[in-house]
Amino acid sequence: MLLHLSTWPEVEAYLQQSRGLIFPIGSTEQHGPTGLIGTDAICAEAIARGVGETTQAMVGPTINVGMALHHTAFPGTISLRPSTLIQVVRDYVTCLVKAGFTKFYFINGHGGNIATLKAAFSETYAHLEDLQIANAQLVQCQVGNWFMCSSVYKLAKELYGDQEGSHATPSEVAVTQYVYPEAIKQAPLAPEVASGHRIYSAADFRLHYPDGRMGSNPALATPEHGKQFYELAVKELSSNYLEFLNAE
């Protein structure tokens, strides 16, 4: 069930059977010369819907803009500040806790969101307690990073080796090619790609990673690979979600 395609009576009926909800969260940021700007959100949304179908869980609206300030020197990137994203997560969860949800599983497609999400969860628990909302003590939030699934990581290494890199990777580009085959992009890629530099400001990032890639060769991606990554991520995260849902 997708929350935005449901009616309030349907949500009320769902809550009689489950208090769990899945949130896809990604980013709107550059992904090199051939990667879609919406890559992180596209991957998270597709995989979250797959997990929702597999586990009969409700899936909330995708949080498309995340914490990507270091990419903002590239045209098209949109980012929230960490403090803004924390408040977005807190407000989303607070509204849904009032309705009766208590278990929130964020399927994340962007590494830059991880630290902010963990901080947001802590802020949210404290906020709910301060408001003395019923069942505040039962609320739990967890993040599942699809790209860190052991099965996904293993396949990426088998297919791409060191050319997987860490940003604008062939694995994530492959998933977008599977989901949106009509939007596959082609562009010349320099054989030498930067890697290993620390992340500081947006200007510094572009200086050290001039085409936006970080050690990756997205030219290796195919829609067929994307289907494999999608299926592996859905299977592993479905298991993780059910474990989270049923844990005390």
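The radius of gyration of the protein is 18 Å, which agrees with the value near 18 Å that a compact globule of 248 residues would have. The structure is a predicted model. Along its principal axes, the C-alpha trace spans about 55 × 35 × 30 Å.

**Secondary structure**
- The protein contains eight helices and four strands.
- In sequence order, these elements follow the pattern α-β-α-β-α-β-α-β-α-α-α-α.

**Packing and contacts**
- Of the 248 residues in the protein, 49% are buried.
- Where contacts link residues at least 6 apart in sequence, 77% of them join residues at least 24 apart.

- The protein has an accessible surface of about 12000 Å².
- Carbon and sulfur atoms account for 53% of that accessible surface.

**Leucine 131**
- Leucine 131 belongs to helix H4, which covers residues 114-131.
- The relative accessible area of leucine 131 is 43%, so this residue is classed as partly exposed, a category that lies between the buried limit of under 20% and the exposed limit of over 50%.
- Leucine 131 and threonine 94 are 37 residues apart along the chain, and their C-alpha atoms are separated by 9.7 Å.

Definitions and conventions
Residues numbered from 1 in each chain as written. Predicted model: local features only at pLDDT ≥ 70, side-chain atom pairs only at ≥ 80, totals over all residues. Heavy atoms only, no water. Helix = DSSP H or I, 4+ residues; strand = E, 2+ residues; numbered from the N terminus. Rg over C-alpha atoms; globule rule 2.2 N^0.38 Å. Buried < 20%, exposed > 50% of the residue type's maximum accessible area, 1.4 Å probe, protein only. Contact = heavy atoms within 4.5 Å. Areas by Shrake-Rupley, 256 points an atom, 1.4 Å probe, with all protein chains shown as cover.
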